[in-house]
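Let's take a walk through this model together, beginning with the fold of one chain and ending where the chains meet. Keep the 3D view open as you read.

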Amino acid sequence: MKKALEVLNQLERDGVIARYAIGGAVAAIFYMEPFATEDLDVFVLPPDSSRGLLTLAPIYDALRALGYREDRECMDVEGVAVQFLPAYNALIEEALHEAATVDYEGTPTRVLRAEHLAAIMVDTARPKDRQRFAAFCEQAPLDDERLQDILRRHGLLERWRTWTP
Amino acid sequence: MSATNGPAELQRALERKQARRRLMAAAPFPEKIAVVVQLQARFAPILRARGQEYRVWRLESPGQMKREV
């Protein structure tokens, strides 16, 4: 894991990606009890995203040049199945910009903040998101005021209200 | 479990479960990742026997993860 994070940092230093942060199940696990997941979801801002281009091809090319290989929809980076996901909407862009910097065994990395993760679950709204959302709200240190502000600004408040008792 | 102490025993079991969840939630991130890999290793043979592909990560030794303020 540490080595995989070092590779992600290298991609950022080399300008292959403008910014990255861990999202999805692994980010949720940062805040709650661990559960099984196959992939390390990594949200990325490509360097040219300001031009509206959200291609992951340069990331895959750079990793192939380093000797890493695809494993179904992921790249096997130092033994970790990494799935790169472009910041495809304003909520994820904001989450990426405000992600928490953390230290993993001496390697800096970023994890999406708990309130953004919860908002992304509400936005994505798959059955597994709804199931995870309930457990996440019980265990994660959520700032309700901050969460509601994010939900309101991204038009998710009404859906969230139907999810909460 | 008798019929009379059933609800109390169930309540204690739920509280123990909740306490364990809180303990695990507070564990350092690398330790949690180590648990994820243990779960992957447990699930993999079952899922592969059913014909599903399932990945198990390779992991270095767990350490400490600290939040930067």
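Predicted model: local features only at pLDDT ≥ 70, side-chain atom pairs only at ≥ 80, totals over all residues.

What is chain A built from? Its secondary structure comprises eight helices and seven strands. The radius of gyration of chain A is 16 Å, close to the 15 Å that the globule rule gives for 165 residues, so chain A is as compact as a globular protein of that length. Of the 165 residues in chain A, 39% are buried.

Now turn to chain B. Two helices and one strand make up its secondary structure, and along the sequence they follow the pattern α-α-β. Chain B has 69 residues, of which 12% count as buried.

How do the two chains meet? Here 24 residues of chain B are in contact with 24 residues of chain A. On the chain B side, the elements that give two or more residues are α1 (6-25), α2 (29-49) and β1 (65-67). Which of them gives the most to the side that touches chain A? That is α2(B), with nine residues. Sorted by class, this side of chain B holds 13 nonpolar, two polar and nine charged residues.

Notes. Residues numbered from 1 in each chain as written. Chains lettered and ligands numbered in written order. Helix = DSSP H or I, 4+ residues; strand = E, 2+ residues; numbered from the N terminus. Rg over C-alpha atoms; globule rule 2.2 N^0.38 Å. Buried ≥ 20, exposed ≤ 12 C-beta atoms within 10 Å, placed from the backbone. Contact = placed C-beta atoms within 7 Å. Nonpolar A, V, L, I, M, F, W, Y, C, P; charged D, E, K, R; others polar.
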